[in-house]
Amino acid sequence: MKNFLLATFVAISFMACQQKNYTIEGTIEGVTEGQAILQKIIDGKPTPIDTAVITEGKFSFTGSEEEPQIYLIFVDQNKTPIMFFGENKHITITADDVNKLNDAIIEGSPITDILTKFTEEVPEQGRMKELNEEYQKARMTSDKEKMEALSTEGKELMQEQKAYFIQFIKDNTDNVVGANMALRAMREFELDEFKELVSQFEANLGEHQYVTKLKEALEQMEKAEEMQKEAAEKKAAAEKATSIGAIAPDFTLETVDGEQLSLSSLKGKYVLVDFWASWCKPCRNENPNVVKAYKKFNAKGFDVLSVSLDKDSVKWKEAIKADGLVWNQVIDSKGDIAQVYGVQGIPFTLLLDKEGKIVEKNLRGEALEEKLTELLN
């Protein structure tokens with residue numbers, strides 16, 4: 001019975017030591033009264049979670065935190081907050097100047113100590129400040145040579161600081177400071193490297209909110225890379241399919257009259273496949289040249305198939321009438337065929353021979369007429 005009571009007492013004592021709560025006590029010199037507002041980041045925005053009255057320069061907060069994360073304390077209307085990591089500890093904050101709250105001393109938070117050490121050891125901070133001051137002076141005197149030299153030095157120092165930042169993240173995958181920094185610098189890593197970092201953070205920090213956000217970011221990066229890969233493959237396929245000498249990919253689209261027309265049905269003639277749209281000014285400016293070529297060479301075996309990328313069929317038809325486009329017209333409102341052809345901008349044209357083989361691409365103005373003269377005369 002005695003041993004049971006002792007074990008129970010030890011267990012209760014251990015649980016008491018593990019209670020999740022924090023006490024934050026602050027002192028700000030020169031401030032006799034006012035308000036201190038405690039905030040943390042919720043859904044990407046600083047959000048107030050508590051308010052304390054400042055009495056004779058002192059304030060305090062008590063509460064509990066499920067996981068260490070960035071806390072901010074704003075004093076009255078001061079726009080620069082005190083920043084630290086909130087965790088279930090007894091944390092003291094001392095500030096000598098309400099206008100320099102970012103210089104406040106935070107004690108009692110081991111995680112904030114890591115952040116403080118990181119900040120203090122950023123290389124060339126003093127020189128960067130000097131560079132800024134010197135640059136402003138050179139700017140006032142319009143000393144362009146000096147400005148350029150200072151700018152070059154500044155870029156070099158920024159690269160050094162960036163390297164320090166990246167290395168810090170790699171060396172701190174076992175704490176939330178590193179995870180928070182990784183969120184801010186994730187675009188600086190290649191996908192495979194970032195994936196490895198996220199794996200390390202997850203192994204060390206479990207389901208901490210920063211790790212969850214890193215995993216979400218990784219998922220988005222992977223999706224983006226997959227999309228880029230698919231786009232690159234489609235582009236390569238389109239370039240191959242529309243290269244000079246290749247047979248143009250066949251397609252069937254709807255005409256102005258609502259009928260279906262296939263490119264292959266026009267074999268036996270030289271055909272200009274012209275991707276355009278009513279809203280495309282360069283296309284509309286080029287239309288008179290196509291009209292001229294059509295009138296001159298149609299009887300000799302030349303035809304045109306205009307493929308509109310319009311989404312508004314009314315404006316499409318109005319443009320056809322306004323520009324006097326009397327040849328075959330089809331519409332690719334979803335852009336599916338334009339994607340197959342790798343159309344990056346319009347107007348985009350391909351000149352096909354009688355077998356549907358691509359002879360030339362993007363002939364404009366007199367170049368189209370000259371090529372048709374060569375082929376049909």
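Two strands count as paired if DSSP finds at least two bridges between them, and in this predicted model strands β9 (residues 252-255) and β10 do so in the antiparallel sense, with three bridges. Helices (H or I, at least four residues) and strands (E, at least two) are DSSP runs, numbered from the N terminus. Residue numbers start from 1 along each chain as its sequence is written. Because this is a predicted model, local features need pLDDT of at least 70 and side-chain atom pairs count only at pLDDT 80 or more, while totals for chains, interfaces and linings use all residues; side-chain values use heavy atoms, with hydrogens and water left out.

**Confidence**

- The protein averages a pLDDT (the predictor's confidence in each residue, from 0 to 100) of 92, and 95% of the residues score at least 70.
- Contact here means heavy atoms within 4.5 Å.

**The seven-stranded sheet**

- Seven strands make up an open, mixed sheet, running β10-β9-β13-β12-β11-β14-β15.
- At the edges sit β10 (260-262) and β15 (358-361), each pairing on one side only.
- Glutamate 254 stands opposite glutamine 260 of β10.

- β2 (residues 33-42) and β3 (residues 45-55) run antiparallel and are joined by 10 bridges.
- Glutamate 33 has threonine 55 in β3 as its bridge partner.
- The two strands, β2 and β3, form a hairpin with two residues between them, and aspartate 43 in the turn has a positive phi of about 55°.
- β2 also pairs with β5 (residues 69-75), antiparallel again, over five bridges, and glutamine 39 stands opposite leucine 72 in β5.

**Nonpolar cores**

- A nonpolar core is a set of buried Ala, Val, Leu, Ile, Met, Phe, Trp, Tyr and Cys residues joined through side-chain atoms within 4.5 Å. Buried means under 20% relative accessible area, exposed over 50%, and partly exposed in between (1.4 Å probe, protein chains only).
- The largest core has 46 residues, and Phe251, Leu263, Phe275, Phe302, Leu305 and Tyr341 have the most contacts inside it.
- Elements giving two or more residues to this core include β11 (270-276), α8 (281-297), β12 (302-308) and α11 (366-376).
- Apart from it lies another core, of 33 residues, among them Ile70, Val122, Met181 and Phe194.
- Leaving aside neighbours within four places in sequence, phenylalanine 251 touches Leu261, Ser262, Leu263, Val273, Leu305, Val307, Ile337 and Tyr341.

**Aromatic pairs**

- There are 11 aromatic pairs in the structure. Rings of Phe, Tyr and Trp (its six-membered ring) pair if their centres lie within 6.5 Å; planes under 30 degrees apart count as stacked, over 60 as edge-to-face and the rest as tilted.
- Phenylalanine 59 and phenylalanine 61 pair edge-to-face, 5.8 Å centre to centre with 65° between the planes. Phenylalanine 59 is buried at 4% relative accessible area, and phenylalanine 61 is buried at 2%.
- Phenylalanine 251 and tyrosine 341 also pair edge-to-face, at 5.8 Å centre to centre and 85° between the planes.
- That pair links distant parts of the chain, 90 residues apart: phenylalanine 251 is in the loop between α7 (209-241) and β9, and tyrosine 341 in the loop between α10 and β14.
- Phenylalanine 251 counts as buried because its relative accessibility is 4%; tyrosine 341 is buried too, at 2%.
- Ring pairs also link Phe118, Tyr164, Phe165 and Phe168 into a cluster.
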